[in-house]
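Here is a quick tour of a two-chain model, written for someone who likes to check the geometry along the way. Have the viewer open and follow along.

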Amino acid sequence: MASENVQTLTDANFESTVNHTPQPVLVDFWAEWCGPCRRLAPTVDELAKDYNGRVVVAKMNVDENPATPMRFSIRGIPTLLLFKGGQLVEQVVGLADKDSLKKLIDKHV
Amino acid sequence: MASLRNVIIIGSGPAGLTAGLYAARANLKPLVIEGLEAGGQLMMTTLVENWPGHRNGVIGPELMAEIRAQAERFGAEILRGDVTDVDLSSHPFTIATSEERYTSRTLIVATGASARLLGLPSERTLMGHGVSTCATCDGYFFRGKPIAVVGGGDTAMEEAIFLTRFASHVTVVHRRDTLRASKIMQDKAFANAKIAFEWNTAIEEIKDTGKGEVTAAVLSNLKTGEQKELPVEGVFIAIGHTPNTSLFRGKLEMDANGYLITHDGTRTSVPGVFAAGDVQDHVYRQAITAAGSGCMAAIDAEKYLEGVPQHLGEAELHA
């Protein structure tokens, strides 16, 4: 599900990635069985390409990594979280179009 | 500006894709603009048991992938994107996405319907944090937890039954004292030991917005006025749908609830614009009826393009 510009995050490397990446980090929480997640995936891939170098785009599989979603009270997917300097700055629950996501990201780059 | 199209179809559920399939087979080279919720409401289902030809049922998203591939096989072009504006005041019509403008001789509207919400402020705040409109998407997060399902129709029963796989207990909250759901779904729900019912009851508020997660639903009995708190960690809302017609307000005739009005098959109030599926159907709302009306819309569009409209004057056609 991840393309070349998209990192894969796990419960183990989430903290260090989000805290130690100078650029904003966009994390897409998804699962194999989630239809809407599959629909959002190409948009996330495109964002990764468009913001290459300026924003780190990552995916986290909630089936394999239950701790991080629980920490952020995620009870629905897809959910996108945007972190800057380790702080949560934006969240989007459910499907969103590329334009509105770009507007959110642009506030923080 | 892209080249002039014969047919543009907005929406990619059973109606839109079936229209695409038929229009493609009629050699009209249709463009299907799939929309944000590509694949439509079936993408949020699991097993569809009433699609003819699949005696053991078919998985909703797999069915949509098949119809999509079938439409593409005959030359339907499917575009990822969401239509942001339409101009139906002159021919050809203009259809705009955030990236491109398209012109077309005919338009098939198959934008479907979306889940209706209760309208509580807490519902919006807690969406994705315990409030959901999609059991198959979010049920997983409620393993061993008590939850509530709001509604009394087929969707509500399907969600309640599906959620018993995960939840410790499911309470169906319904405004009336009988269900609207079909007999078979009612029987399944009543037979399920994990499902309880709160009749004549509405949800007044969902707690706890301060904590950012669902801890309880405040229930109000509509007969007695009595209020009580139901401790739940999830609230699934299945109280019906609203048609996705905001793009067409003031441009196409619609009823008081926003459903597009069709006549003589799938014709709308603007010649050359056709409507199919849930966007114009608040009665049947089935995958198979949506697909059927998508087929009708493609045939109606084809006839219109051939210049043999059954209920239109020549002047209108060439206007």
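## A walk through the predicted model

Strand β4 (residues 79-84) of chain A is largely enclosed by the rest of the structure, because five of its six residues are buried. Keep in mind that this is a predicted model.

What does β4(A) pair with? One partner is strand β2 (residues 25-30) of chain A, which runs antiparallel to β4(A) over five bridges. Within that pairing, Phe29(A) has Thr79(A) in β4(A) as its bridge partner. Another partner is strand β5 (residues 87-93) of chain A, again antiparallel, this time with six bridges. There, Phe83(A) sits opposite Leu88(A) of β5(A). As a general point, side chains in a regular strand alternate between the two faces of the sheet.

β4(A) and β5(A) make a hairpin with two residues between the strands, and in that hairpin Gly85(A) has a positive phi near 55°.

### Where the chains touch

How many residues does each chain bring to the contact? Chain A supplies 16 residues and chain B supplies 21 residues. On the chain A side, helix α2 (residues 35-50) gives the most, with four residues. Sorted by class, that side of chain A has seven nonpolar, five polar and four charged residues.

### Chain B and its two domains

Chain B splits into domain 1 (5-115 + 241-318) and domain 2 (121-237). Taken over C-alpha atoms, the centres of these two domains of chain B are 33 Å apart. At their contact, four residues of domain 1 of chain B meet six residues of domain 2 of chain B. The domain 1 side of this contact has two nonpolar and two polar residues, and no charged ones.

Next, a sheet in chain B. Its three strands are arranged in the order β14-β15-β16 (chain B), forming an open sheet with antiparallel pairing. β14 (201-207) and β16 (227-231) of chain B are at the edges with a single partner strand each, so one side of each has no neighbour in the sheet. Ignoring direction, neighbouring strands in this sheet are turned by 30° against each other on average. Strand β15 (residues 216-221) of chain B joins β16(B) in the antiparallel sense through five bridges, and Ala216(B) stands opposite Pro231(B) of β16(B).

Now for a helix pair. How do helix α5 (residues 154-163) and helix α6 (residues 183-191) of chain B cross? Their axes come within 9 Å and cross at roughly 35°, and the crossing of α5(B) and α6(B) is left-handed. From α5(B), Asp154(B), Met157(B), Glu158(B), Ala160(B) and Ile161(B) take part, meeting Met185(B), Gln186(B), Lys188(B) and Ala189(B) of α6(B). By class, this helix contact has five nonpolar, one polar and three charged residues.

### Backbone spots to check

Most residues other than glycine have a negative phi, and most peptide bonds are trans. Here are some exceptions for your backbone checks.

| Site | Backbone feature |
|---|---|
| Ile77(A) to Pro78(A) | cis peptide bond, omega near 0° |
| His91(B) to Pro92(B) | cis peptide bond, omega about -10° |
| Lys29(B) | positive phi near 45° |
| Asp264(B) | positive phi of about 45° |

Where do they sit? Lys29(B) belongs to the loop between α1 (14-25) and β2 (31-33) of chain B, and Asp264(B) to the loop between β18 (241-243) and β19 (273-275) of chain B.

Technical notes: Residues numbered from 1 in each chain as written. Chains lettered and ligands numbered in written order. Predicted model: local features only at pLDDT ≥ 70, side-chain atom pairs only at ≥ 80, totals over all residues. Contact = placed C-beta atoms within 7 Å. Nonpolar A, V, L, I, M, F, W, Y, C, P; charged D, E, K, R; others polar. Buried ≥ 20, exposed ≤ 12 C-beta atoms within 10 Å, placed from the backbone. Pairing = 2+ DSSP bridges. Domains from an automatic or database assignment. Axes fitted to C-alpha atoms, helices over the stretch in contact; angles between N-to-C directions. Left-handed = near helix turned anticlockwise from the far one by under 90°.
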